[in-house]
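Hello,

Here is the structure I promised to pass on to you. Please open it alongside this message, and my notes on what turned up follow below.

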Amino acid sequence: MSETADILSRPDQAVILPNLAAGCSMADMADIDSVTECWEQLEELYGTEPDAAGRVPVIPVTYMNSSAALKGFCGEHGGIVCTSSNASTVLEWAFERGQRVLFFPDQHLGRNTAKAMGVPLEQMPMWNPRKDLGGNNEQTLLDSRVILWHGFCSVHKRFNVGQIEKARAEFPGVQVIVHPECPMEVVDAADSAGSTDFIRKAIAGATEPTTFAIGTEINMVNRLAAEYPQHTIFCLDPVICPCSTMYRIHPGYLAWVLEALVRGEVVNRITVTDDVAAPAKVALERMLAARP
Ligand code: SF4
């Protein structure tokens with residue numbers, strides 16, 4: 001995200017990451033070398049010629065939680081970036097231009113979004129980067145509509161259907177809302193699923209005191225519970241750990257970089273080199289221009 005902020009910032013702006021060890025373990029599950037190797041295998045299988053409708057064989061789509069190098073890869077190969085808020089709009093954009101999509105790094109966002117758009121599960125093979133053809137046979141890949149990278153969020157993967165059943169048993173009438181990074185069966189069992197913004201708006205829009213069970217990162221749930229005391233809001237997973245990589249940015253580091261700024265020093269500045277930033281910006285701008 002800090003790389004993306006740098007790519008989209010003005011020349012007079014600097015992006016600072018308070019702790020350089022912070023990040024996203026899901027983003028680390030797809031790297032540029034593995035995706036490039038996957039792409040070469042797909043090109044060998046599909047070729048590069050468009051079909052009669054002018055759609056290329058495959059469009060790469062990367063989730064915002066990915067390195068600048070992967071966004072640059074998408075920019076260079078006719079692809080695009082998505083967020084959890086606009087994933088279906090972006091997939092529609094991609095299906096207009098391509099016969100199928102290579103979606104990385106989060107398999108769950110890709111699967112949940114494509115399934116909601118009517119893509120059958122059997123047309124969504126998983127790509128395991130440690131295996132030849134991602135562990136698939138050629139026919140499966142030829143028949144595919146969305147090829148899902150074998151990545152996941154270790155926080156959202158912890159949610160399960162048993163937690164939803166328990167919440168429904170203990171709180172009749174509870175509204176269960178989960179993030180689309182959760183596994184498919186959890187999304188299917190919930191009342192609704194959507195991005196953090198979707199979750200926040202759903203709670204903000206509730207006019208009567210309501211009980212909400214939320215399937216997303218615990219600190220987001222705690223903030224919502226504090227902000228909307230008229231509702232009962234709790235996390236589906238009672239023992240959930242906060243995201244350890246994201247929360248490496250804590251107030252101590254923030255204070256440290258702010259104190260440096262007061263002294264006139266910019267510490268931990270994030271800069272993306274032009275050779276990566278230029279194609280990554282193309283993929284980001286395609287996303288910003290895509291409209292439902
Ligand atoms: S919760 Fe943590 S691991 Fe999961 S997507 Fe967010 S930053 Fe990445």
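Of the contacts in the protein with a separation of 6 or more, 67% are between residues 24 or more positions apart; two residues are in contact if their C-beta atoms, placed from the backbone, lie within 7 Å. Please keep in mind that this is a predicted model, in which local features need pLDDT of at least 70 and side-chain atom pairs count only at pLDDT 80 or more, while totals for chains, interfaces and linings use all residues. Residues are numbered from 1 along each chain as its sequence is written.

The overall picture

The protein has 12 helices and 11 strands, where helices (H or I, at least four residues) and strands (E, at least two) are DSSP runs numbered from the N terminus. Its radius of gyration is 20 Å, close to the 19 Å that the globule rule gives for 292 residues, so the protein is as compact as a globular protein of that length. That radius is taken over C-alpha atoms, and the rule is 2.2 Å times the number of residues to the power 0.38. Along the principal axes, the C-alpha atoms fill a box of roughly 55 × 55 × 35 Å. Buried residues make up 39% of the 292 residues; a residue is buried if 20 or more other C-beta atoms lie within 10 Å of its own, exposed if 12 or fewer, and partly exposed in between, with C-beta atoms placed from the backbone.

For pairing, DSSP has to find at least two bridges between the two strands; for the angles, axes are lines fitted to C-alpha atoms, for helices over the stretch in contact, and the values run from 0 to 180 degrees between N-to-C directions.

Strand E2 (residues 59-63) runs parallel to E4 and is joined to it by four bridges, with valine 61 opposite phenylalanine 103. E4 also pairs in the parallel sense with strand E6 (residues 146-149), over three bridges, and there valine 101 has valine 146 as its bridge partner. Further out, three bridges link E2 and E3 in the parallel sense, and tyrosine 63 is partnered by cysteine 82.

In a regular strand the side chains alternate between the two faces of the sheet. In E4, Val101 and Phe103 point one way and Leu102 and Phe104 the other, and all are buried. A cis peptide bond then joins phenylalanine 104 to proline 105, with omega about -5°; proline 105 is in the loop between E4 and H5.

Helix H5 (residues 107-116) has eight of its 10 residues buried, so it is largely enclosed by the rest of the structure. Among the buried ones are His108, Leu109 and Arg111. Just after H5, glycine 118 takes a positive phi of about 95°.

The four-stranded sheet

A second stop is the open sheet of four strands, ordered E8-E7-E9-E10 with parallel pairing. Its edge strands are E8 (192-193) and E10 (232-235), each pairing on one side only. Helix H10 (residues 218-227) packs on this sheet, touching E9 and E10, and its direction makes about 170° with that of E10. Strand E7 (residues 175-178) and strand E9 (residues 211-215) pair in the parallel sense over four bridges, and valine 176 has alanine 213 in E9 as its bridge partner.

Loops worth a look

Isoleucine 240 lies in the loop between E10 and helix H11 (251-262). Leaving aside neighbours within four places in sequence, isoleucine 240 is in contact with Arg158, Ile218 and Cys235. Isoleucine 240 is partly exposed, with 19 other C-beta atoms within 10 Å.

Leucine 133, in the loop between E5 and helix H6 (138-143), has a positive phi near 50° although it is not a glycine. Leucine 133 counts as partly exposed, with 17 C-beta neighbours inside 10 Å.

Best wishes
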